[in-house]
Amino acid sequence: MARKRTAILDAARNAFLQHGYEGTSMEGIAAAAGVSIMTLYRHAEGKDDLFAAVIESACHPEDESKAAEIAAALKKPLSDLLVFVGIMFQQRVADSTTTALFRAVMAETVRFPHLGELAYRGLIGSHLAVLDEFLAQRPEFAGVDDVLRRKLTGDFIDRLIGVDSFRVLLGLGGASEEVMHSRARLAATELLEAIARPG
């Protein structure tokens with residue numbers, strides 16, 4: 001099942017990048033993935049579901065070495081973990097596959113406005129949800145109410161994206177590793193200071 005899902009997502013990503021959303025068909029994806037159309041529909045209800053899954057897989061690749069790195073980071077102090085998450089998020093945003101998918105979305109949103117929402121939820125929304133869920137379980141957030149925690153999570157992610165994200169979309173150079181580290185450290189420091197403030 002996992003192998004079929006990987007083949008389907010690879011075929012779908014290639015089809016969306018080559019033919020755009022409108023030019024991509026479920027039948028074409030099934031043929032490229034080497035699965036029946038019925039198998040494809042067991043993995044996705046339709047093209048929107050498949051597109052959302054492609055965005056999600058680009059933003060959260062199933063990489064065993066990355067999974068081990070994340071597991072190790074979860075054992076670190078919160079400040080170190082936040083820096084790790086901040087750097088990883090910036091790298092995902094600037095990744096060539098993610099960038100290509102976002103360019104495809106931008107080209108299609110005039111005709112298919114809902115693609116922008118799917119892409120936003122896949123990249124930003126999923127990172128916000130995962131980080132918020134994790135922070136809710138940390139002892140440092142025991143006295144922080146849900147609304148404030150979600151705001152702090154959003155502020156943290158917001159501080160990681162600079163104008164260089166536009167440079168990446170335009171095919172120009174993005175942030176250096178040094179800049180990514182600096183942003184992640186600053187965002188982590190600000191989040192930790194915010195939960196340490198009384199009231």
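Guide: Contact, a term that we shall need at once, means heavy atoms within 4.5 Å. This is a predicted model, in which local features need pLDDT of at least 70 and side-chain atom pairs count only at pLDDT 80 or more, while totals for chains, interfaces and linings use all residues. Residues are numbered from 1 along each chain as its sequence is written, and side-chain values use heavy atoms, with hydrogens and water left out.

Visitor: Which residues is Arg183 in contact with, leaving aside its neighbours within four places in sequence?

Guide: With those neighbours set aside, Arg183 is in contact with Gln90, Arg159, Leu160, Gly162, Asp164 and Ala175. Arg183 itself belongs to helix H11, which covers residues 177-196; helices (H or I, at least four residues) and strands (E, at least two) are DSSP runs, numbered from the N terminus.

Visitor: Why is Arg183 called buried?

Guide: Buried means under 20% relative accessible area, exposed means over 50%, and partly exposed lies in between, with a 1.4 Å probe and protein chains only. Arg183 has a relative accessible area of 18%, and is therefore buried.

Visitor: What makes Ala188 count as buried?

Guide: Ala188, which also lies in helix H11, has a relative accessibility of 2%, so the label buried applies to Ala188. Once its neighbours within four places in sequence are left aside, Ala188 is in contact with Ser79, Leu82, Val83 and Phe156, and its C-alpha atom is separated by 9.3 Å from that of Val85, 103 residues apart along the chain.

Visitor: Why does Gly122 count as buried, and how do you know that Ala129 is partly exposed?

Guide: Gly122 is found in helix H8, residues 114-137, and its relative accessibility is 7%, so Gly122 counts as buried. Ala129 has its place in helix H8 too, but with a relative accessible area of 45% Ala129 is therefore partly exposed. As for distances between C-alpha atoms, Gly122 and Ala33 are 22 Å apart in space and 89 residues apart in sequence, whereas Ala129 and Ala68, 61 residues apart along the chain, are separated by 21 Å.

Visitor: What makes Thr6 count as partly exposed?

Guide: The relative accessibility of Thr6 is 42%, so Thr6 counts as partly exposed. Thr6 is placed in helix H1, residues 2-19, and lies 22 Å from Phe89, C-alpha to C-alpha, at 83 residues apart in sequence.

Visitor: How many aromatic pairs does a search of the whole structure find?

Guide: The search finds four aromatic pairs. One of them joins Phe16 and Tyr21, at 6.1 Å centre to centre and with 10° between the planes.

Visitor: How do you know that the charged end of Lys47 sits over the ring of Tyr21?

Guide: A charge sits over a ring if NZ of Lys or CZ of Arg is within 6 Å of the ring centre and within 35 degrees of the ring normal. The charged end of Lys47 is 4.4 Å from the centre of the Tyr21 ring and sits over that ring, so the distance falls within the cut-off.

Visitor: How many helices and strands are there in the protein, and what share of its residues is buried?

Guide: The protein has eleven helices and zero strands, and buried residues make up 42% of its 199 residues. Of contacts between residues at least 6 apart in sequence, 72% join residues at least 24 apart. The C-alpha trace spans about 55 × 35 × 30 Å along its principal axes.

Technical notes. Rings of Phe, Tyr and Trp (its six-membered ring) pair if their centres lie within 6.5 Å; planes under 30 degrees apart count as stacked, over 60 as edge-to-face and the rest as tilted.
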